[in-house]
Amino acid sequence: MDDRCDVEVVVVGAGLAGLVAAAVAARGGASVVLCDVRAAGGRARSDQREGFVLNQGPHALYRSGAGVDVLGRLGVGFSGSPPHPAASGYTEATGGLARLPTSAGSLVRSPALGLADKVRLARLLTTLPKRQGASFAEMSAAEWVASLGLSSRGAGVISALTRVATYAGDLDLVAADAAVAQLQLALEGVIYLDGGWQSLVDGLVAAATSAGARVLEGERATALQARTDGTFEVCTPARTLQAASVVVATGSPAAARALLPHAPAWELGAPATAACLDLGLRRVPATMVAFGLDQPLYLSTHSPKAHLAPPGGAVVHLMRYGARTSPEDKDQLWALARRCGIGERDVVAQRFLHEMTVCHALPRPGPGLTGRPAIDATGTAGVFIAGDWVGPVGLLADASLASGEAAGRGAVEHAKRQQTNDSAMVGR
Ligand SMILES: Cc1cc2nc3c(=O)[nH]c(=O)nc-3n(C[C@H](O)[C@H](O)[C@H](O)COP(=O)(O)OP(=O)(O)OC[C@H]3O[C@@H](n4cnc5c(N)ncnc54)[C@H](O)[C@@H]3O)c2cc1C
């Protein structure tokens, strides 16, 4: 059945970016329809398994990141707790675990490092908040780590911390401006959310719908066409939506390209992928947080810090930065789990996600953060993009939330300009 619908703004994709764009456009006074081929939330959706709430891989909200400000402006609240403060460094070659410094204070106690590294790293961790990330855009994060003059052990520690902050498996592929800024954010603190990231999704759906946006779940946008009168048609199998402006927030640049009326000339960085093992456990593991030093591995216990598990239980996320083959990655993650005190008998619920895209395009060394496509880099006035590979602000969800807000504003302004032009034509 072809149901026609005429609105000011259509948003395609109801992940964090699309939900924010729809809420901002609706609050700006526009009539808005938002469609998603699946349920709202995208990669931020959480699932319930046997009483445990599992995010899709480890998710932490950067307390001082741009995303928190966007959520605040939309009145979306959340609660949660910081991670367990003691982290261990895991060396796969030896199977060893050693206390890892994550702050200037914990450096002194770490047996993982020699004195010279401790002095250099202490200086780095205390001066990092004052460093200007933008001046590092030309070099890669790997070159930046190499420039610090650390031993290979010290470089391994700072590389592990940078990987955890950026989710980049290969530090050669991410610009140092983005990496240093993200490391600064990570040191300022992250929050594990009560109820999982679903709480953000639910809050954003409420913000969008209470402002009047209509959310269509289970509807794929199959075409986006520019009409001769300056408006657009977005087609789904069920209806045709006519709009003055459109936000394409489809997650991946490939899905966005497939819809745009003109092929865009984007130069994109490499994606960051991960293999994730999400566990619901009967008990809290002996080692709560571990970062791989000779392999890009990570383990973190998200509850009981955040409310995600039944009493006495724990949610633990393990991840390999840079997904390879499913059996190889799963075995490697289970070896880390065992080393941290987790046995098969502790497991109540588990899920292995063999290849997740954490970020669709990392900022490239050279142009850095400012080299990512802008929200209006679509080749068509009135069509905007948003996602974790768009705009000059932040990484990961911060980039999705910030570009979603900017695209929502841009879409309302374009729609209002169109209306003014149309009224002027009629008045002539
Ligand atoms: C393992 C993992 C760990 C992460 N950890 C963190 C973290 O700790 N901190 C952090 O800040 N970020 C983290 N992230 C990143 C964060 O989850 C994402 O950046 C963010 O959720 C992306 O939101 P989005 O709206 O840009 O894209 P998506 O969530 O991908 O949403 C895109 C939506 O568009 C829909 N869609 C696609 N094509 C169409 C179409 N043609 N028609 C209709 N709908 C369509 C999809 O169904 C989807 O719902 C992590 C991601 C992963 C995978």
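Mentor: **The aromatic rings**

At 7% relative accessibility, Phe-291 counts as buried, a word that means under 20% relative accessible area, while exposed means over 50% and partly exposed lies in between, with a 1.4 Å probe and protein chains only. Tyr-298 is likewise buried, with a relative accessible area of 7%. This is a predicted model, in which local features need pLDDT of at least 70 and side-chain atom pairs count only at pLDDT 80 or more, whereas totals for chains, interfaces and linings use all residues. Residues are numbered from 1 along each chain as its sequence is written, and side-chain values use heavy atoms, with hydrogens and water left out.

A pair of aromatic rings is described by the distance of the centres and the angle of the planes. Rings of Phe, Tyr and Trp (its six-membered ring) pair if their centres lie within 6.5 Å, and planes under 30 degrees apart count as stacked, over 60 as edge-to-face and the rest as tilted. The structure holds five aromatic pairs. In one of them, the ring centres of Phe-291 and Tyr-298 are 5.7 Å apart and the planes stand at 20 degrees, so this pair is stacked. Both residues also belong to a cluster, in which ring pairs link Tyr-167, Phe-291, Tyr-298 and Tyr-321.
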